[in-house]
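Hi,

Here is the structure I said I'd pass on.

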Amino acid sequence: MTGKDTLRYLNSPGGEALFAPLYGPSAAARERQRYAVLADGVAAGNPRLFSAPGRTELGGNHTDHNRGRVLAAAIQMDAAAAVVPRGDRTVFFRSTGFPDVLVSLDGPDGKPDLSPKPEERGKTESLVRGIASGFADRGVEVGGFSANASSTVLPGSGLSSSAAVEVLIAKIFDCLYGGGRCSAVELARICQQAENAFFGKPCGLMDQAASACGGAVAIDLADPSSPQVRRIGFDPKAAGYALCVVNTRGSHSDLTPDYAAIPQEMGDVARFFGKSFLNEIDLPQLLSAAPEVRKIAGDRALLRAIHFFNENGRADAMAALIEELAAAAEPQKWGIMGRFLDIVNESGDSSWELLQNMYSARNPREQGLSLALAASREFFREHGLRAACRVHGGGFAGTAQAYVPAEALEGYRSRMDALFGPGSLAELCIRPVGAVEIAPC
């Protein structure tokens with residue numbers, strides 16, 4: 001479908017039908033207007049429309065960096081863009097609220113130059129070049145484009161606004177120059193490689209895979225060169241629950257040592273056994289050598305390793321229950337969801353007690369995540385609710401995740417807003433569509 005056709009349909013009476021599958025019928029009109037504004041901001045040509053969602057981590061807290069298993073899902077908040085191709089190999093990317101990005105994919109000699117640039121490291125420019133390089137490595141002759149973008153993924157919320165932008169850029173390259181043939185998993189791998197080798201961040205694959213695939217995804221990272229990604233359908237609303245995140249508005253400054261200590265200590269335990277990653281041993285091996293491990297690596301490292309193995313099992317069990325939930329008749333859904341919530345609470349307990357990523361030991365006065373979970377559990381007990389909560393993402397500051405019965409959502413929102421300020425709670429919808437070019441069928 002050409003950009004001209006899409007733009008014409010966008011402005012037609014049926015244009016809202018483009019957006020209902022991505023955002024839900026109630027948000028279709030608002031999103032149609034958002035894309036119309038983006039399209040109007042493109043200088044020339046007939047723009048094509050693209051979207052890539054943010055993601056929420058459902059299970060597998062801090063398991064990815066030791067080649068474990070994770071469970072994540074795409075959400076309705078996304079990065080979106082109106083795009084026109086260019087006749088040169090220059091990428092111009094404008095996103096509301098951020099500095100413009102301008103990247104020439106040519107070197108001084110006029111030939112493509114897709115090697116990492118030290119001066120771009122840590123900047124969006126490096127991601128553009130790295131993603132273009134990933135497609136070139138796969139035989140795609142990439143060109144330039146101009147994009148006018150915006151993001152509704154809440155910044156600092158742990159919902160992966162950065163991965164949404166990466167996957168958005170990759171989808172644009174794929175559809176403009178690769179014929180749209182790249183699989184969702186391969187899109188995610190291209191983005192991961194760009195972030196690792198060009199941007200300079202040793203990220204895993206979970207964020208990009210969830211954004212590219214859509215729905216819920218169960219990911220096994222045992223073989224990073226060929227990760228196993230299984231897409232599964234999940235709709236908590238069908239079981240009567242609202243999936244929420246609570247932004248505790250804690251400071252993320254100076255937390256790098258806290259984040260880095262987790263993979264470092266898990267790695268220390270693996271190296272005790274002569275391995276590089278915890279997935280190369282098992283829990284019985286670990287427990288049988290526990291007295292020696294604690295002497296060499298320390299008690300916290302041992303506790304974090306125990307969390308890794310149990311959290312892997314929880315990620316598997318949660319994925320199995322989601323699949324069971326999708327296939328169940330209505331009377332059975334309540335019981336299946338109850339078992340799922342029990343595991344979510346177990347994950348929250350393990351992150352709090354074993355992984356110990358609820359607050360920085362260097363700043364014990366600030367414990368917003370601990371407070372969010374404690375206050376949530378008190379609210380659930382007061383109202384006799386079958387509900388669940390856990391830390392969301394990296395931890396130490398940021399967001400907690402909760403599953404709340406729909407009828408109690410507004411009361412829960414009031415409780416969280418009173419603690420952390422108005423607008424602290426965001427309700428999430430799991431989006432069944434991943435990265436996509438939006439066009440009439």
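**What turned up**

Leucine 38 is in helix H3, residues 28-40 (helices are DSSP runs of H or I, at least four residues, numbered from the N terminus). Before going on: this is a predicted model, so local features need pLDDT of at least 70 and side-chain atom pairs 80 or more, while totals for chains, interfaces and linings use all residues. Residues are numbered from 1 along each chain as its sequence is written, and side-chain values use heavy atoms, without hydrogens and water.

Back to leucine 38: its relative accessibility is 4%, so it counts as buried (under 20% relative accessible area, 1.4 Å probe, protein chains only). Leaving out residues up to four places away in sequence, leucine 38 touches Ala80, Ala81, Ala82, Asn148, Ala149 and Ser150 (contact is heavy atoms within 4.5 Å). Leucine 38 and alanine 82 sit 44 residues apart in sequence, yet their C-alpha atoms are 5.6 Å apart.

Next, serine 351, which belongs to helix H12. Serine 351 is buried too, at 0% relative accessible area. Its side chain makes a polar contact of 2.8 Å with that of asparagine 61 (an N or O pair within 3.5 Å, one able to donate a hydrogen and the other to accept it).

H12 (residues 330-355) packs on H11 (residues 299-327) at about 165°, axes 10 Å apart (lines fitted to C-alpha atoms over the stretch in contact, angles from 0 to 180 degrees between N-to-C directions). The two are therefore roughly antiparallel (over 145 degrees).

Cheers

Conventions. Parallel < 35°, antiparallel > 145°, perpendicular 65-115°, else oblique. Buried < 20%, exposed > 50% of the residue type's maximum accessible area, 1.4 Å probe, protein only.
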